[in-house]
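The model is a predicted one.

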Amino acid sequence: MTLRKFAGLGALLSLVMPAVALAEESAAATAAPALNSGDTAWMLTATALVLFMTIPGLALFYGGMVRSKNVLSVMMQCFAITGLISVLWVIFGYSLAFDTTGMEQGVTNFNSFVGGLSKAFLAGVTPESLTAAFPEAVFVVFQMTFAIITPALIVGAFAERMKFSAMLVFMAIWFTLVYAPIAHMVWSGNGGLMWDWGVLDFAGGTVVHINAGIAGLVACIVLGKRKGFPTTPMAPHNLGYTLMGAAMLWIGWFGFNAGSAAAANGTAGMAMLVTQVATAAAALGWMFAEWITHGKPSALGIASGVVAGLVAITPAAGTAGPMGGLVIGLVSGVVCFFCATSLKRKLGYDDSLDAFGVHGVGGIVGAILTGVFAAPALGGFGTVTDIAAQVWIQAKGVGFTVIYTGIVTYVILKVLDVVMGLRVNEEEESVGLDLAQHNERGYNL
């Protein structure tokens with residue numbers, strides 16, 4: 001009897017144990033993701049690299065290109081924007097961009113365009129809350145650095161002529177009405193307008209560069225040309241600063257693109273590779289285009305080509321292969337060269353430091369070509385099977401961003417011009433913004 005009992009118990013256990021194991025596996029699969037220290041370490045590093053792009057990278061890049069009497073004003077604007085947007089981001093920006101309340105895939109409603117305020121003042125963000133497999137707090141700061149550099153890029157379009165006070169108010173309103181909604185529409189997930197369209201923007205070609213480039217173009221047109229432009233020589237005062245800034249942007253951009261994988265994985269590795277390849281190709285593309293056109297290659301040209309390549313590969317960094325990156329970089333370098341030189345001269349707008357010519361045009365080139373080189377048939381790692389259809393989706397996303405950003409930016413600037421005035425007076429412009437706006441000089445000899 002005892003042996004029979006043990007035999008029956010054994011048979012029962014043999015039936016029950018697989019079911020228990022299966023239940024445990026199912027529970028583990030549906031459990032919340034656990035923190036991954038490797039992913040966390042990489043995202044902390046990537047976040048620091050992206051902040052490094054603005055201060056000191058962009059500050060030096062832009063600072064070297066203006067005249068010596070305005071070097072501090074441009075650097076000051078980059079630093080002030082970093083502080084301003086950091087504060088606004090934690091108060092309401094993060095919530096407007098990433099709050100998914102009321103969103104549903106395939107349903108277009110108010111929350112398809114902008115998030116709510118349930119995460120205002122970072123409500124619910126704790127040391128334990130996660131995004132993917134790393135702390136949500138890290139994601140908050142990572143995305144904050146994107147929000148910082150986008151308005152800072154606009155500075156290059158109206159450099160040397162905008163009042164500091166007007167700049168601060170403009171950036172605060174523009175961030176609220178333009179940056180946060182565009183980021184939400186592209187990146188917030190199911191239910192976001194351009195997310196549901198299927199727009200591919202891995203690291204900010206649309207959200208950051210087209211957005212900033214179009215805003216810059218509108219701003220430089222509304223403010224008007226600098227005094228003496230284009231007849232008075234306005235050569236960059238320190239191209240050493242510009243080259244150092246470009247180098248810092250190149251290095252920091254690995255955090256920008258590879259960090260957008262949100263993990264230390266193969267996608268991050270490929271994003272790093274294609275970023276390097278595209279940037280190198282764009283630098284050479286701009287250099288040779290300038291060499292052929294003007295007879296000599298310039299340091300400013302190769303630095304600009306570097307940034308053009310970084311911009312163009314940004315939306316494609318998670319889906320393009322190395323050869324796709326090579327083509328995107330080469331095309332962007334050549335196209336941005338002609339837009340920043342021939343097109344600007346022909347149309348006559350004063351985009352001081354080529355914010356539109358490099359970021360706007362480079363972002364558009366990259367966004368469209370993302371639809372081409374995300375296809376596995378062309379060496380990409382996306383899921384694109386119909387290239388023409390994806391290119392149309394990309395073009396639709398570009399068109400929407402250009403129209404939305406252009407109109408809202410124009411309205412903001414026109415209202416501010418009436419309320420407080422946008423531009424310094426002629427005397428202040430002649431003296432330079434360093435002394436007129438900040439009572440300091442970049443160089444005291």
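## Packing of H4 and H5

On the H4 side, the contact is formed by Gln143, Phe146, Ala147, Thr150, Pro151, Ile154, Val155 and Phe158. H5 contributes Met167, Phe170, Met171, Trp174, Phe175, Tyr179 and Trp187. Sorted by class, the residues of this contact comprise 13 nonpolar and two polar, with no charged residues.

## Packing of H3 and H5

H5 also packs against helix H3, which spans residues 71-98. Here the angle is about 40° and the axes are 9 Å apart. H3 and H5 are therefore oblique to each other, and their crossing is right-handed. The contact between H3 and H5 holds 21 nonpolar and four polar residues, and no charged ones.

## The largest pocket

Five helices each supply at least two lining residues: H2 (37-65), H9 (266-294), H10 (299-313), H11 (322-347) and H12 (355-373). The most is given by H11, with five residues. By class, the lining of the largest pocket divides into 16 nonpolar, nine polar and eight charged residues.

## The second largest pocket

A volume of about 570 Å³ is found for the second largest pocket. It is lined by 21 residues, and Trp187, Trp195, Asp201, Phe202 and Ser260 are the closest to its centre. Trp187 also belongs to the H5 side of the contact with H4.

The elements that provide two or more residues to this lining are H4 and H5. H4 gives the most, with three residues. The lining of the second largest pocket is made up of 13 nonpolar residues, seven polar residues and one charged residue.

## Backbone geometry

Most residues other than glycine have a negative phi, and most peptide bonds are trans.

A cis peptide bond links Ile55 to Pro56, with omega at about 15°. Pro56 is located in helix H2, a helix that also supplies at least two residues to the lining of the largest pocket. Another cis peptide bond joins Phe229 and Pro230, where omega is about 5°. Pro230 sits in the loop between helix H7 (205-223) and helix H8 (239-258).

Phe121 has a positive phi, near 55°, although it is a residue other than glycine. Phe121 is placed in the loop between H3 and strand S1 (130-131).

Definitions and conventions. Residues are numbered from 1 along each chain as its sequence is written. This is a predicted model: local features need pLDDT of at least 70, side-chain atom pairs count only at pLDDT 80 or more; totals for chains, interfaces and linings use all residues. Side-chain values use heavy atoms; hydrogens and water are left out. Contact means heavy atoms within 4.5 Å. Helices (H or I, at least four residues) and strands (E, at least two) are DSSP runs, numbered from the N terminus. Ala, Val, Leu, Ile, Met, Phe, Trp, Tyr, Cys and Pro count as nonpolar, Asp, Glu, Lys and Arg as charged, and the others, Gly among them, as polar. On a 1 Å grid over the protein atoms alone, a cavity is a set of points where a 1.4 Å probe fits but cannot get out, and a pocket is an open set with protein on both sides within 12 Å along at least five of seven lines; lining residues have an atom within 4 Å of a point. Grid points are joined across faces, edges and corners, and a volume is the space filled by probe spheres set on the points. Axes are lines fitted to C-alpha atoms, for helices over the stretch in contact, and angles run from 0 to 180 degrees between N-to-C directions. Angles under 35 degrees count as roughly parallel, over 145 as roughly antiparallel, 65 to 115 as roughly perpendicular and the rest as oblique. A crossing is left-handed if the near helix is turned anticlockwise from the far one by less than a right angle, and right-handed if clockwise.
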